[in-house]
Amino acid sequence: MAKIVDAKDAIPQAVKLLEAGELVVFPTETVYGLGANAFDAEAVAKIFVAKGRPQDNPLIVHIADIDDVKRVAREIPQSFYELAEKFMPGPLTVILKKRAEIPDIVTAGGDTVGIRMPNNDCTRALIRSSFPLAAPSANRSKHVSPTLAQHVLEDLGDSVKLIMDGGPCKVGIESTVLDLTSDVPTVLRPGAVTVNMLAQTLGEVSSEGKVIRIAKSPGMKYAHYCPDAETVTAADIAHAVQAYDAAISSGRRPVIVARDIYRDSVGERAQISLGVTDDDYARNIYAALRAAEKSYDYIIVEELAGSDLSYSVMNRVFKAAGGKRV
Ligand code: TXA
Ligand code: MG
């Protein structure tokens, strides 16, 4: 069974495990990661086993400092350094051409590698004392990503030894994935570093616009972010309340997941709060879905609209609901 240890105190043990080719769960500002030495194919293989992840879905390599990029990638364009100056450390993953030292299992056999510098001091100290870390989110494959150490324990407690506890993740959704190897830089997965922010730095960014379908990121063809209970989104609170009451009439146990501004409309009905602002919504959504699936069998989630962040967050929430709206 995994041990949860305060991230500051866990570094020496984490270094030992990584040197021995074992896995370590580490905190980041987005979601928790399940890491292995990115240069060690056998260690990385354990990640796929622990998560039950298909091997054709590549992993992100996490680095501590900008200079580390040269150990992992080749033919690094100037635009990478411009992005790094603005957004690293931070919730941005950049796809570059990989170096031969990065084993195929990390990149699913491809010639490119995702690189990210997480904004977490303990995690970066760990990387400095060990290796760049290949890591996906630390959930079992297809489940909601973990934003608390406890979430990781629930999903992977039997298959990892050490979970470094960095508290709740501040951003709460996974990093933006940007491909810098295509002619026009292309957003493969939206995140807290938004398309507009990227366009300001790069001049030109391609994204899927309003369509929530991102074809090039191999991971996007799999089901993701799925709670263990039926989930739907509601265009507004009136629809949410209507769906809730209908579910009660048919003997189900529904819950409304919404921001506090709707408390009055929700009334006595079961609600899990997403806080007040769009940032709160992003930070809290995964924990709310995990809490909801434990006590309810029908999860009705408020849709968020109008901001760049809401676009990124709804990319995940629509997937959690499988596109079902009420
Ligand atoms: O915020 C995050 O990015 C978190 C934390 C732990 O850093 N990590 C994360 O990893 O979300 P994961 O494996 O759950 O999602 C990575 C996504 C997948 O959709 C994968 O297909 C895509 O990035 N990806 C990774 N390497 C790629 C590559 N070389 N080319 C295209 N897509 C890539
Ligand atoms: Mg994931």
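Me: Why does Phe80 count as buried?

Reply: In this predicted model, Phe80 has a relative accessibility of 0%.

Me: What makes Tyr81 partly exposed?

Reply: The relative accessible area of Tyr81 is 25%.

Me: Why is the aromatic pair of Phe80 and Tyr81 called edge-to-face?

Reply: The ring centres of Phe80 and Tyr81 are 5.4 Å apart, with 85° between the planes. Centres within 6.5 Å make a pair, and planes over 60 degrees apart count as edge-to-face; therefore the name applies to Phe80 and Tyr81.

Me: Why is the aromatic pair of Tyr225 and Tyr286 called stacked?

Reply: For Tyr225 and Tyr286 the values are 6.2 Å centre to centre and 10° between the planes. The distance is within 6.5 Å and the angle is under 30 degrees, so the pair is stacked. Both tyrosines, Tyr225 and Tyr286, are buried.

Me: What makes the pair of Tyr225 and Tyr286 a tie between parts apart in sequence?

Reply: Tyr225 lies in the loop between helix 8 (195-202) and strand 12 (230-234), whereas Tyr286 belongs to helix 11 (residues 278-295). The parts are 61 residues apart in sequence, so the pair ties them together.

Me: Which residues have the most contacts inside the largest nonpolar core?

Reply: They are Leu34, Leu83, Leu92, Leu178 and Leu198, in a core of 48 residues. Helix 2 (residues 41-51) supplies the largest share of this core, 5 residues. A second, separate core has 39 residues, including Leu274 and Leu309.

How values were computed. Residues numbered from 1 in each chain as written. Chains lettered and ligands numbered in written order. Predicted model: local features only at pLDDT ≥ 70, side-chain atom pairs only at ≥ 80, totals over all residues. Heavy atoms only, no water. Core = buried A, V, L, I, M, F, W, Y, C linked by side-chain atoms within 4.5 Å. Buried < 20%, exposed > 50% of the residue type's maximum accessible area, 1.4 Å probe, protein only. Helix = DSSP H or I, 4+ residues; strand = E, 2+ residues; numbered from the N terminus. Phe/Tyr/Trp six-rings, centres within 6.5 Å; stacked < 30°, edge-to-face > 60°.
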